[in-house]
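Please open the structure in a viewer and keep the sequence at hand.

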Amino acid sequence: MDTIQDVESSRLVDLVGFRLETGDSEVNHNKKPQDLVVTVNTEGQSNWNTQFPVTTSPVDGVKLTKAEEAEACGGASHAGDGDRETWGKKVDFLLSIIGFAVDLANVWRFPYLCYRNGGGAFLIPYFLMLIFGAIPLFFMELVLGQFHRDGAIAVWKIVPLFQGIGVCQCLIAYFVAFYYNVIIAWSLFYLVSSFTVNLPWMTCNNPWNTDRCSNGPNITVIDNVTVTVTSNYSVSSAAEYYERAVLGLHESEGMHDVGSPRWQLSLCLLGVFLMLYFTLWKGVKSSGKVVWVTATMPYVVLTILMIRGLTLPGAGTGILYYITPDIKRLADSQVWIDAAIQVFYSAGSGFGVHIAYASYNKFTNNCYRDCILTACINSFTSLFSGFVIFSYLGYMALKQNTTIENVATEGPGLVFVVYPEAIATLPGSVGWAIIFFVMLLTLGLDSAMGGLEAALTGFGDLIRPTKIGKMKYWREIFTGLVVGSAGMFALQNVTNGGAYLFHMWDTFAAGTAILFGVFSQAVAVSWFYGIDQLCADIQRMLGFRPSFYWRICWKFITPVFLFTIIVSSVVSYVPLEFETYTGGIYVYPSWANGVGWTIAASSMICIPAVALYKMLTTEGTITERFALNISPVWEHRSIKQGCKVSRLQRKHWLSV
């Protein structure tokens, strides 16, 4: 490959045919366009150096063969910016994507879904969805970010018509920060409360307790026989602590009466957002160091909890409930839907995080290996968490003389009620509580870091070329604005009725919207950008062309999976309800459901809105506008000069 060194960037004009013009000089070459790379050294920046392929177009008077003409009109896709910040170490990136993928859902959702949907049999649909759906999407996002070296918005120079997908993903990541960080604030509250002689959720003689409070089943002796009497009206002390002392739900009547922010939770929320700010303000150079703790600590704690859990009476029974297969459950379509939803959410595709993180990689980084390794670790963590959780649930069922069904649950109730209640009965309960909530804190923080980094990188790429982006501390200021505004919006979820708002945000902000965004991304990349072009990019980066498995998944299987889940989520939608331990079931008013769908639509609408904007603002006829907007920006010049539009050729759409 020929290289032209030390060409001043201000004099580099274009490669016309096979001739490089540099203002007052020119160099003739007999090489084909794709064999020419220009290395530019910018004056005054002796340490900066980058290589990039040069745009090609036919030269007047030069007769080209049909193959050469097609090559000159199309050309290879352009790799990203060589001046972009990179990770301090390779392992920083790996720990970051693992930390983002492995989050609270691995602990509080997967074990329950596995138990509810056939135990070990649930692993069949889970791994099928993982192999044919989530992993191909994961790899696609890593490739897009690493090759083009752009965030979730700027990367859509590959298909400008779909740039709204990036805006949609960044908005969703921003919305998630409004409520996901509240969970971390709850964890911090519990962690601070654990530094005491007696855990506050152990007893019923506290100001927040009611007459219904119970520390467990009531034991009565009748005719020398011990009988367990469990009242349907009793509430555990752990449940009252969570809903009354922490959330303050008893002081709210519902969505219309949320009240003001609770000062204790507000301070915890402030602490969480301050941690996030000082982790993110310097970019991946700073966040890459923090994940060494946040991504590894959960495994240390889970191992400790596992060892202790296996020694508890009833642990074996709980684990058997978790893994015992029930093959008949596979005939239920809901089992497959649960598996698909869990896999796609757990992999973390669609938030723009993988694209953002990968954009800071070196061009030749083996992102294929990173994808497979992260997916394996993520699945292992889910399975391992199930053994930990159900060993304690088996212990609780035995302790309360009840069945696993009566203690098994998912979501916040599992980690803030059931598990703390189990820990409180152990010798050295204070120590066990501290390490458990440290684990929750670290599990949440690196996932929260990833979501906010997606928004910072996505919108930051649009700011970087401007005057603001050239300011010395623009990253620190911009990070403060994004993190600070997210913290202000999050305050609504730490009010007395904040749990009602939290549940609404959790249901709508990243539900159907994220599935719609991922589906649009899969179609835009596989069909419009093109499988051939994507595979060529991968070969250029990694030195191999993806196999038929990857290509068939990208183009057909994954989009079909996603479309099926979207339709199912819409068809199976039921009006919002929120089940509490102390107040029964709260049914949301119809206007609250309307607000929820508005939140979901506010991000989804970006995809058609930006597409319409692109079509209206591009010059030319309708056909010309469409041709330009479905083609990568580096092909626009040749299209305007009359070259064929490859995206309008039959071969492009039929290739696999």
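**A buried cysteine and its neighbour**

Select C367, which counts as buried because its relative accessibility is 0%. The model on display is a predicted one.

**The disulfide**

Next, select C204 and C213. These two cysteines form a disulfide, with 2.0 Å between their sulfur atoms, and the structure holds one such link. Colouring by accessibility sets the two partners apart: C204 is partly exposed, at 27% relative accessibility, whereas C213 is buried, at 14%. C170, by contrast, is in no disulfide, and the nearest cysteine sulfur, that of C168, is 9.3 Å away. C170 is buried as well, with a relative accessible area of 0%.

**Helix α6 and helix α23**

Now select residues 163-193, which make up helix α6, together with residues 606-617, which make up helix α23. Two packed helices are described by the angle between their axes and the distance between the axes. For α6 and α23 the angle is about 145° and the axes are 7 Å apart. Their crossing is right-handed. To view the contact itself, show the side chains of Q163, G164, I165, V167, C168 and L171 in α6, which meet C606, I607, V610 and K614 in α23. Seven of the residues in this contact are nonpolar, two are polar and one is charged.

Is A185 buried or exposed? A185 counts as buried because its relative accessibility is 0%. Leaving aside residues up to four places away in sequence, A185 touches L265, C268, L269 and V272. A further distance may be displayed from A185 to L267: their C-alpha atoms are separated by 8.5 Å, although the two residues are 82 residues apart along the chain.

**Helix α19 and helix α22**

Proceed to residues 498-508, helix α19, and residues 590-604, helix α22. These helices pack at an angle of about 45°, with 9 Å between their axes, and α19 and α22 are therefore oblique to each other. The crossing of α19 and α22 is right-handed. On the α19 side, the contact is made by M504, W505 and F508. On the α22 side, it is made by A592, N593, V595, G596, W597, I599 and A600. The residues of this contact divide into eight nonpolar and two polar, with no charged residue.

**Two loop residues with positive phi**

Where is R149 placed? R149 is in the loop between α5 (123-148) and α6. Its phi is near 55°, a positive value in a residue other than glycine. R149 counts as buried, since its relative accessibility is 7%. N401 is in the loop between α14 (367-399) and α15 (404-407). N401 also has a positive phi, of about 55°, although it is not a glycine. With a relative accessible area of 57%, N401 is exposed.

Methods
Residues numbered from 1 in each chain as written. Predicted model: local features only at pLDDT ≥ 70, side-chain atom pairs only at ≥ 80, totals over all residues. Heavy atoms only, no water. Axes fitted to C-alpha atoms, helices over the stretch in contact; angles between N-to-C directions. Helix = DSSP H or I, 4+ residues; strand = E, 2+ residues; numbered from the N terminus. Left-handed = near helix turned anticlockwise from the far one by under 90°. Contact = heavy atoms within 4.5 Å. Nonpolar A, V, L, I, M, F, W, Y, C, P; charged D, E, K, R; others polar. Parallel < 35°, antiparallel > 145°, perpendicular 65-115°, else oblique. Buried < 20%, exposed > 50% of the residue type's maximum accessible area, 1.4 Å probe, protein only. Disulfide = S-S within 2.5 Å.
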